[in-house]
Amino acid sequence: MYTSGVERPSSLQRSSKMKSFITNTLSDFFFEYETPRQVLVRSRRVGVVCRLIQLGVLAYIIGWVFIYEKGYQSSDTAVGSVLTKMKGVGYTNVTGEERIWDVADYVFPVQGDSSFVVMTNYIMTKGQKIEKCSEPPNSKNRCSSDADCEGRSERTGDGHMTGKCLVNTTKMCEVLAWCPVEDDSSIPDPALLMSAENFTLFIKNTINFPAYGVMRCNLVEGIDNQYIKSCLYDPKTAPLCPIFRLGDLVQMSGFNFAAIAKVGGAIGIIIDWTCNLDHDQSDCKPIYSFHGLYGNPDEADTARASVGYNFRYAKHYMEDKQEKRTLLKVFGIRFDIIVRSVARKFDIIPTLTAIGSGVGIFGVATVVCDLILLYLLPKREFYNNMKFKVTETMEKEPLDEFKSEKEVSKKHSEEVLVHHEAPLSET
């Protein structure tokens, strides 16, 4: 039988070649590095554009990301509580009746909350009891016959209509209500509790930044019992004093106390904790600010609806085995204490993230300059040929079994080198 002179490789040879192929592939992967080709272009216009863009990116990274936005720090918001306490005594004399008002009378709700109302004016209706009586003169329920007062309850009325018209007396509908009904057609002017201007508000605020384990109180270092007894908040001379005069609060919020005390309003007290914990914790101190929220009666638009702030409050009692009450329509200033807090501290992760994003933005300069080189300059064809290297199509030789394309390319390069050196050797 005819046999070929070339023997087929044994399984041992095939295994050796496969092992060599895998070894070479792994060696190339771990111990080789590829770098993109760079072309140095000497052009003043392109160079200036590139440097200006890079300078702008650098200014953005340093000025905005790191200095203004503190991109090298992590942040945390605080959890905390607010305690309040009012002090002051008010005096009124209405139609010869003298009355003293203390914190139990003019603060709603009870003390201690971060949102409360201080009464500055009121309309009092005493001795009300449930019976039948006439609507007040300022009511819309005027009548000329009983048909106008058929049994119903008006949303803005004072009670349930009995169906009877008091033609001979008030010419108003009769109602079953708390009588005598309230007459709020005239608001006392000036406000009855103008003395509230000298009331004082004590604020105690404690916050905790759980991510950093830092707890702070607005009674910071240097504020002791002796200081609290004599201090009064002033934005310039005593910015850390936690005791505030109501008249000063209203003035710093942009309101006129006499005007807002008459019909009421609302003021927001902002406690701002913005702390850089890369510094000492004692530098973490509150900053107070005051803002009028609504109810400014000093506005030019006197026809605006729902001016001020008011609500009704009743004190019930028993007299001669009959339930009675004293009704107060309270006009007051609502105070809302709002705590805003953020603490920052150096953290390597946001620092590296900010640097990495900045380095990525530097690529904008390369993209812009490439567009100028390839599409705008007169020599764009020349720059295009320099930037992109195009090779001739080469017929790919068949690969031997387990032979990589890199080995074939290397063999081809050696053949080309021999071809070029051969004429030199002949000479």
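Pro 242 is in contact (heavy atoms within 4.5 Å) with Leu 201, Phe 202, Ile 203, Asn 218, Leu 219, Cys 231 and Tyr 288, leaving aside neighbours within four places in sequence. The structure is a predicted model, in which local features need pLDDT of at least 70 and side-chain atom pairs count only at pLDDT 80 or more, while totals for chains, interfaces and linings use all residues. Residues are numbered from 1 along each chain as its sequence is written, and side-chain values use heavy atoms, with hydrogens and water left out. Pro 242 is found in the loop between helix H4 (225–230) and strand E11 (243–245); helices (H or I, at least four residues) and strands (E, at least two) are DSSP runs numbered from the N terminus. The relative accessible area of Pro 242 is 0%, so the residue is buried (buried means under 20%, exposed over 50%, partly exposed in between, with a 1.4 Å probe and protein chains only). From Pro 242 to Ile 203 the C-alpha to C-alpha distance is 5.5 Å, across 39 residues in sequence.

Thr 351, in helix H7 (residues 348–361), is also buried, at 10% relative accessibility. Not counting residues up to four places away in sequence, Thr 351 touches Phe 66, Gly 71, Tyr 72 and Phe 346.

Two packed helices are described by the angle between their axes and the distance between the axes. Axes are lines fitted to C-alpha atoms, for helices over the stretch in contact, and angles run from 0 to 180 degrees between N-to-C directions. The axes of H2 (residues 44–68) and H8 (residues 363–376) come within 9 Å and cross at roughly 160°. H2 is therefore roughly antiparallel to H8 (under 35 degrees counts as roughly parallel, over 145 as roughly antiparallel, 65 to 115 as roughly perpendicular and the rest as oblique). On the H2 side, Val 46, Val 49, Cys 50, Ile 53 and Gln 54 meet Val 364, Ala 365, Val 368, Cys 369, Ile 372 and Leu 373 of H8. The residues of this contact divide into 10 nonpolar, 1 polar and no charged, where Ala, Val, Leu, Ile, Met, Phe, Trp, Tyr, Cys and Pro count as nonpolar, Asp, Glu, Lys and Arg as charged, and the others, Gly among them, as polar.

H8 also packs against H9 (residues 380–387), with axes that come within 6 Å and cross at roughly 125°. That angle makes H8 oblique to H9. Asp 370, Leu 373, Leu 374, Tyr 375 and Leu 376 of H8 meet Arg 380, Tyr 383, Asn 384 and Lys 387 of H9, a set that divides into 5 nonpolar, 1 polar and 3 charged residues.

The structure holds 13 aromatic pairs; rings of Phe, Tyr and Trp (its six-membered ring) pair if their centres lie within 6.5 Å, with planes under 30 degrees apart counted as stacked, over 60 as edge-to-face and the rest as tilted. The ring centres of Trp 64 and Tyr 68 are 4.8 Å apart and the planes are at 25°, so this pair is stacked. Both residues lie in helix H2, 4 residues apart, about one turn of the helix. Trp 64 is partly exposed, at 43% relative accessible area, whereas Tyr 68 is exposed, at 56%. Phe 108 and Phe 311 form an edge-to-face pair, 5.3 Å centre to centre with 80° between the planes. Phe 108 lies in strand E5 (residues 107–108) and Phe 311 in strand E14 (residues 310–319), so the pair ties together parts that are 203 residues apart in sequence. Phe 108 is buried, at 12%, and Phe 311 is partly exposed, at 22%. Ring pairs link Phe 108, Tyr 309, Phe 311 and Tyr 313 into a cluster.
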